[in-house]
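Trainee: Hi! Could we go through this one together? I'd like to start with pockets and then move on to the rings.

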Amino acid sequence: MRWISLILLFLTVFITYADKVVIGFAAEPLMKEFSIDSAQWGLVGSSFSILLIVTSFIGGTLSDRVGTYKMIFFVLAGVTIVQFSSFAIVSLPMLILYRVLLGAVEGPGVPAGMSHISRVFPTELRGRAISIFVAGGTISGIISAPILVNLIEKFGWRWTFVSLGFVSLIIVVFWVLINRNEKKKQKFNTTPIKKIKWSDISPVLRNPACFLTIAISAATYWLGTWLALWSPVYLTKVLKLAPMKMAYVIMGTGIVGLVLVLLISAISDRIFKKTQSYRKARVWIAGISTIIGGLALALIPLLDNSFLWVFIALGVAKGTTYINVSMAVQVMIKLMPDRAGFMSSILHLGNNITSLISPIITGILVQAAGVNLALGFNYSIYVMAGLCLITAMLYLLFVKPDNVTTTPSNRMAM
């Protein structure tokens with residue numbers, strides 16, 4: 001049953017990722033229709049995270065109390081409703097409102113999903129299970145990119161947004177049908193719980209294993225947001241690719257990234273099985289991989305817009321940094337094992353704040369370069385490379401989750 005639930009969670013990430021990135025594929029017609037400049041486009045991208053920050057934290061935390069079943073249902077049902085309202089978008093303010101609402105309903109999805117996986121999968125399988133869950137986004141980027149671009153070109157961006165609502169509706173129906181027994185089980189197992197005091201959680205939050213894990217994960221999200229919102233613009237306006245060729249490039253780099261993520265996850269799980277060490281299996285793997293990804297990003301501005309080499313660099317950067325999504329949540333949950341939803345929510349609070357500010361900063365950098373778009377995008381790429389390299393080195397030096405012991409306070413629910 002847990003594998004069936006994992007497939008549905010995979011599909012949930014698949015559709016919510018498509019909901020998030022479709023705005024990037026529709027960038028050119030949207031910017032033209034509503035006369036949007038680069039700085040304003042950065043605001044459109046950031047608007048997705050305004051309420052997502054709040055709902056991700058609250059929803060992920062509440063999933064420990066009300067159950068992950070209800071949270072996932074809320075996400076899928078909410079996405080369906082928001083996407084069906086796409087025809088109401090007739091101006092830039094309405095576009096921003098649409099993105100705000102979409103981010104709000106998607107917020108609890110990832111922390112609730114990771115909390116669910118941490119409950120039903122044993123530790124030795126958890127890395128692989130979380131990687132499959134997270135791979136929903138990568139595979140969505142691979143499969144959905146050419147489909148969404150083709151739909152936008154043939155039917156327009158409004159109908160494309162609505163079509164995503166139909167897909168989420170189908171998934172939520174299966175979620176309800178298949179997880180009815182899980183719902184009853186979660187409800188039956190819910191017992192009165194005590195609140196954690198600030199004095200109980202503050203030592204955890206001050207631990208380098210906590211805030212540096214958030215930092216390295218946030219660096220990954222900075223790149224992920226750039227890839228979702230800005231890479232279509234970069235590929236079409238700087239590398240001069242046609243829209244469909246741009247979509248195939250994104251699909252190809254997604255395939256490279258997915259293969260790397262699954263390979264690295266398998267290596268990590270094997271190391272953990274042999275050593276039972278979070279530092280060796282999770283921290284070392286994540287840190288070294290992120291350094292490789294940061295170096296790949298740093299090379300892109302030096303490649304003279306060579307299509308082949310940019311393609312390879314983006315694929316390597318995706319795979320070697322996206323592994324952090326799986327590794328980071330395992331380290332966070334290790335700090336408070338009985339509060340998986342709460343710790344996942346803290347992690348994604350940092351991720352979502354990054355998703356809020358990074359599009360604005362990228363938009364300012366691109367806008368500051370004026371007509372020289374290539375220079376502006378190079379600035380944004382160097383920022384991402386620097387974040388990856390700095391956070392990875394600090395992560396390798398100071399994060400030692402095996403030294404953390406679970407206290408009685410950690411076992412209380414919030």
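Predicted model: local features only at pLDDT ≥ 70, side-chain atom pairs only at ≥ 80, totals over all residues.

Trainee: What volume does the second largest pocket have?
Mentor: About 180 Å³.

Trainee: And how do the residues of its lining divide into nonpolar, polar and charged?
Mentor: Ten are nonpolar, two are polar and three are charged.

Trainee: Which helices supply at least two residues of that lining?
Mentor: α1 (2-25), α2 (27-33), α8 (123-155), α13 (231-238) and α14 (243-275) each do.

Trainee: Let's stay with α13 for a moment. Is Leu-235 buried or exposed?
Mentor: Leu-235, which is found in helix α13, has a relative accessible area of 2%, so it counts as buried.

Trainee: What is Leu-235 in contact with, leaving aside its neighbours within four places in sequence?
Mentor: Its contacts are Lys-240, Leu-241, Met-246, Val-249 and Ile-250. Take Val-249: it sits 14 residues from Leu-235 in sequence, and their C-alpha atoms are 8.6 Å apart.

Trainee: New topic, the rings. How many aromatic pairs does the structure hold?
Mentor: Twelve aromatic pairs. In one of them, Tyr-69 and Trp-175, the ring centres are 6.3 Å apart and the planes are at 15 degrees, so the pair is stacked. This pair links distant parts of the chain, with Tyr-69 in helix α5 (residues 68-84) and Trp-175 in helix α9 (residues 157-178), 106 residues apart.

Trainee: What about Phe-307 and Phe-311, how are their planes arranged?
Mentor: That aromatic pair is tilted, with 35 degrees between the planes and 6.5 Å centre to centre. Phe-307 and Phe-311 are four residues apart in helix α16 (residues 307-335), so about one helical turn separates them. Phe-307 is partly exposed, with a relative accessible area of 35%, and Phe-311 is partly exposed too, at 21%.

Trainee: Which residue lies over the face of Phe-307?
Mentor: Lys-245, at 4.9 Å from the ring centre. Arg-282 lies over the face of Phe-272, also at 4.9 Å from the ring centre.

Trainee: Last one: which residues do ring pairs link into a cluster?
Mentor: Phe-34, Tyr-98, Trp-157 and Phe-161.

Key: Residues numbered from 1 in each chain as written. Heavy atoms only, no water. 1 Å grid on protein atoms, 1.4 Å probe; cavity = no way out; pocket = protein on both sides within 12 Å on 5 of 7 lines; lining within 4 Å. Points joined across faces, edges and corners; volume = space filled by probe spheres on them. Nonpolar A, V, L, I, M, F, W, Y, C, P; charged D, E, K, R; others polar. Buried < 20%, exposed > 50% of the residue type's maximum accessible area, 1.4 Å probe, protein only. Contact = heavy atoms within 4.5 Å. Phe/Tyr/Trp six-rings, centres within 6.5 Å; stacked < 30°, edge-to-face > 60°. Lys NZ or Arg CZ within 6 Å of the ring centre and 35° of its normal.
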